[in-house]
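Let's take a friendly walk through this model, one group of contacts at a time. The sequence and structure come first.

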Amino acid sequence: MVTPASATAPASSVPLAEDGHAVPHDAFRALMGSHPGGVAVVTTADARGTPYGFTCTALCSVSLDPPQLLVCASAGGNTLPVLAARGAFTVNLLHGGGRRAAQAFAGPAAERFTAVPWRAGHHTGLPVLPQDSHATAECRVTRMVPAGDHTVVIGEVLHTETHVPAAEAAPLLYGMRRYATWPV
């Protein structure tokens with residue numbers, strides 16, 4: 001197999017856009033926005049029990065043994081420092097009726113936990129959104145990796161709970177700047 005010379009060239013010789021990035025920010029947003037993903041709300045709480053959280057579409061499974069998943073959190077957000085200090089978080093996988101939670105947790109921090117009902121998780125005591133999620137995973141942080149303006153947070157799944165079977169409340173997706181429900 002013959003590879004083009006550019007395929008083996010060092011990264012420093014790759015031409016960059018005017019802002020120093022490989023592609024302009026709007027082009028990258030358009031690329032990723034065209035690829036729908038499942039929507040979750042990631043929650044945690046500080047030492048006093050004050051809840052924090054954010055809407056997340058950057059999440060995936062990492063390992064089955066041990067069971068691990070990852071979420072990407074904004075390095076400039078209010079939740080990441082609390083999550084790091086607590087060492088635990090909950091992933092609330094939203095169903096189609098959970099759009100209000102997705103929008104609330106993407107908005108101003110002060111309104112997030114007043115806009116949707118929540119309760120303490122069974123294993124970690126961290127916020128769970130049972131009315132808006134079809135399932136939750138309570139996790140212990142095992143690793144955090146800075147990545148640009150976000151941090152990749154890897155968590156070992158300690159407890160899962162199904163609130164509504166996915167066949168009855170299809171998962172919420174986000175892409176192309178709109179929400180949609182997985183067809184059942």
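## Salt bridges

Asp 132 and Arg 100 form a salt bridge, with the closest N and O atoms 2.8 Å apart. The two partners come from distant parts of the chain, 32 residues apart: Asp 132 sits in the loop between strand 8 (127–128) and strand 9 (133–147), and Arg 100 in helix 3. Asp 132 counts as buried at 0% relative accessibility, whereas Arg 100 is partly exposed at 38%. Here a salt bridge is a side-chain nitrogen of Lys or Arg within 4 Å of a carboxyl oxygen of Asp or Glu. Buried means under 20% relative accessible area, exposed over 50%, and partly exposed in between (1.4 Å probe, protein chains only). Helices (H or I, at least four residues) and strands (E, at least two) are DSSP runs, numbered from the N terminus.

This is a predicted model, in which local features need pLDDT of at least 70 and side-chain atom pairs count only at pLDDT 80 or more, while totals for chains, interfaces and linings use all residues. Residues are numbered from 1 along each chain as its sequence is written, and side-chain values use heavy atoms, with hydrogens and water left out.

The count comes to four salt bridges. Among them, Arg 140 pairs with Glu 156, with the closest N and O atoms 2.3 Å apart. Because Arg 140 lies in strand 9 and Glu 156 in strand 10, this pair ties together parts that are 16 residues apart in sequence. Another one joins Arg 48 and Asp 46 at 3.3 Å between the closest N and O atoms; Arg 48 is exposed at 74% relative accessibility, and Asp 46 is buried at 13%.

## Two buried polar residues

His 95 lies in the loop between strand 6 (88–94) and helix 3 and is buried, at 9% relative accessibility. A polar atom of the His 95 side chain lies 2.9 Å from the backbone oxygen of Gln 131. Leaving aside neighbours within four places in sequence, His 95 is in contact (heavy atoms within 4.5 Å) with residues including Asp 132, His 134 and Pro 171.

Glu 161 belongs to strand 10 (residues 150–162) and is buried at 16% relative accessibility.

## An aromatic cluster

Which residues form one aromatic cluster? They are Phe 105, Phe 113 and Trp 118. Rings of Phe, Tyr and Trp (its six-membered ring) pair if their centres lie within 6.5 Å; planes under 30 degrees apart count as stacked, over 60 as edge-to-face and the rest as tilted.

The structure holds three aromatic pairs. One of them, Phe 105 with Phe 113, is edge-to-face, at 4.9 Å centre to centre and 90 degrees between the planes. Phe 113 and Trp 118 have ring centres 5.4 Å apart and planes at 75 degrees, so this pair is edge-to-face. Phe 105 and Phe 113 are both buried, while Trp 118 is partly exposed at 36% relative accessible area.

## A cis peptide bond

Asp 65 and Pro 66 are joined by a cis peptide bond, with omega about 0 degrees. Pro 66 is in the loop between strand 4 (59–64) and strand 5 (67–74). Most peptide bonds are trans.

Methods
Polar contact = N/O pair within 3.5 Å; in protein donor to acceptor, adjacent residues only side chain to side chain.
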